[in-house]
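The following note comments on a structure under review. The points are numbered so that each may be checked against the model.

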There are 2 protein chains.
Amino acid sequence: MNQAPPQSYSKMLARPKIRLFVPEPFGPGLSLHIAAGQSHYLAHVMRAKEGDSIAVFNGQDGEWLAEVSMVGKKAVTLSLVSQLAAQKTTPDVWLAFAPIRNKTELVVEKATELGVSKLLPVFTHHAVVKSVNMEKLKAHAIEAAEQCQRHDVPQITEHKDLSVLLGAWPKDRILLFADESGHGENLHTLLHTLLPTLLPGKFGLLIGPEGGFSADEHHMLRIVAQVKAFGMGPRILRADTAATAALACILSQVGDWDARPNFT
Amino acid sequence: MNQAPPQSYSKMLARPKIRLFVPEPFGPGLSLHIAAGQSHYLAHVMRAKEGDSIAVFNGQDGEWLAEVSMVGKKAVTLSLVSQLAAQKTTPDVWLAFAPIRNKTELVVEKATELGVSKLLPVFTHHAVVKSVNMEKLKAHAIEAAEQCQRHDVPQITEHKDLSVLLGAWPKDRILLFADESGHGENLHTLLHTLLPTLLPGKFGLLIGPEGGFSADEHHMLRIVAQVKAFGMGPRILRADTAATAALACILSQVGDWDARPNFT
């Protein structure tokens, strides 16, 4: 049943080692003027030189090969060569999550890698973290997208209270809610049951803070029609573990795990 | 479709906040002499006082209620009261993983929470980390087990080379191998196909180092009958993300995610 050994090592090795998100229009021969932070990274961390190959993506035109055309004192310029891969669509899965002390960046990183299209920080009654540094979250999402070969960066919305999030939740999008009280059905079984009527479906996942949801929030969640409570077995997962684990279940079942990396 | 709001908050709040792994025989009225590290934690970090309630587990007798009977200068003594919950069996899923710089503890923590029975550190050609601090890994596993309400602590084996691990791999245990070359089938689909012939099955998961497996290792993996290569979609996951994500898929499908936490 095992397949032949992969023939793709040479392709893997030949791909540019540096990969950057550059939100500008792409086309053959076009120049890309790289922002200060990325220019610093290219010139001083990666020690890029004129003629070096870089992979770039802008969120809509797939992945392109670019060459370093100029390394200036303050800015690096790239010249677009050709498209390496057509744009891949990210699954339509959203993650609403309560920011967790010291772990919010980890959640953003894992969710970006696993293939979430939108991140929605949400404030809840038991939340310990009361503010979100949007610039930092965006930078983490970009870094994770560059590293994991995504063709886009997940959108990050401004934080809102759980009641506001639920009030505005789209009618046609299921919200899978990690019910830490243990009353939900096994996520795998729930998805298996929901799937026949819902594909191609729009999904959201809601993960609470370390302290769980308040009794009022539990009541509120149970009156929203789109909300489906789920469980993840007999152990109590940390909030960041719960986010990664639930996203893996969701994306393997309703996402794009049948697809393969570009280099195969 | 949503269930009634949980009635279990009072039970959750009434449970002892401190939970300790104490590998000694349990029985009503028996005394537990707590090791130095745990005594220090109890007395000086948690400021436990005589009469305080503590939950304890020893890996075989379920979860017990204990009372602090003495807080000495160097040691704390507990007195066992009664069993709170019968021993729960951990799924028979093993995780073989290449230690990753700064992230090995994270992998041990997540695998313990998700419900792995055995952790097998393995050395591979491209591994950056060349040694494993067994005491530190064990301490992390115990801490994670205490935190996540497990009734046992996963066994951790001494590290071995991949070739040794594969040579001694049990004939009746499937080894699911995270194939970073992208040639494996969607893990969810693979498990779905394997399941009818394999339940109740013995499973192992193999996760490579950040640099992936060498060409020789790929060849070696493909000649071992128990090995099944799998993929996790088009994005390249970090090794620690891959471990958590794959374990979530496996344990939701062949593990104990149908079970609920003790307090429900």
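Which domains does the domain assignment of chain A give? The assignment gives domain 1 (9-85) and domain 2 (93-254), with bounds that come from an automatic or database domain assignment.

1. Basis of the note. This is a predicted model, in which local features need pLDDT of at least 70 and side-chain atom pairs count only at pLDDT 80 or more, while totals for chains, interfaces and linings use all residues. Residues are numbered from 1 along each chain as its sequence is written, and chains are lettered from A and ligands numbered from 1 in the order in which they are written.

2. The two domains of chain A. The centres of domain 1 and domain 2 of chain A, taken over C-alpha atoms, are separated by 33 Å. Seven residues from domain 1 of chain A and six residues from domain 2 of chain A make the contact; two residues are in contact if their C-beta atoms, placed from the backbone, lie within 7 Å. On the domain 1 side, strand 1 (residues 19-21) of chain A gives the most, with three residues. Helices (H or I, at least four residues) and strands (E, at least two) are DSSP runs, numbered from the N terminus. The domain 1 side divides into three nonpolar, two polar and two charged residues. Here Ala, Val, Leu, Ile, Met, Phe, Trp, Tyr, Cys and Pro count as nonpolar, Asp, Glu, Lys and Arg as charged, and the others, Gly among them, as polar.

3. The five-stranded sheet of chain A. Five strands of chain A form an open sheet in the order 1-3-4-5-2, and their pairing is mixed. Two strands pair if DSSP finds at least two bridges between them. Strand 1 and strand 2 (31-33) of chain A are the edge strands, each pairing on one side only. From one strand to the next, the twist averages 40 degrees. Strand 2 of chain A pairs with strand 5 (residues 76-85) of chain A in the antiparallel sense over three bridges, and A:Leu32 stands opposite A:Leu78 in strand 5.

4. The corresponding description for chain B. An open sheet of five strands in chain B has the order 1-3-4-5-2, with mixed pairing. Strand 1 (19-21) and strand 2 (31-33) of chain B stand at the edges with a single partner strand each, so one side of each is left without a neighbour in the sheet. Within this chain, strand 3 (residues 53-57) and strand 4 (residues 63-71) of chain B are joined in the antiparallel sense by five bridges; B:Ile54 has B:Ala66 in strand 4 as its bridge partner.

5. Strand 12 of chain A. Is strand 12 (residues 203-207) of chain A buried or exposed? Five of its five residues are buried. A residue is buried if 20 or more other C-beta atoms lie within 10 Å of its own, exposed if 12 or fewer, and partly exposed in between, with C-beta atoms placed from the backbone. Both faces of strand 12 are covered, with A:Phe203, A:Leu205 and A:Ile207 on one side and A:Gly204 and A:Leu206 on the other. Strand 12 of chain A runs parallel to strand 6 (residues 93-97) of chain A, to which five bridges join it, and A:Leu206 is the bridge partner of A:Ala96. Strand 12 of chain A also runs parallel to strand 10 (residues 174-178) of chain A, with four bridges; there A:Gly204 is the partner of A:Leu175.

6. Helix 3 and helix 8 of chain A. Helix 3 (residues 104-114) and helix 8 (residues 239-254) of chain A pack at an angle of about 10 degrees, with their axes 10 Å apart. Axes are lines fitted to C-alpha atoms, for helices over the stretch in contact, and angles run from 0 to 180 degrees between N-to-C directions. By class, their contact has eight nonpolar, one polar and two charged residues.

7. A:Thr112. This residue lies in helix 3 of chain A. A:Thr112 is buried, with 28 other C-beta atoms within 10 Å. Leaving aside neighbours within four places in sequence, A:Thr112 has contacts that include A:Ala141, A:Cys148 and A:Pro154.

8. The interface between chains. In this interface, 53 residues of chain B are in contact with 53 residues of chain A. On the chain B side, helix 8 of chain B gives the largest share, eight residues. That side has 22 nonpolar, 20 polar and 11 charged residues.
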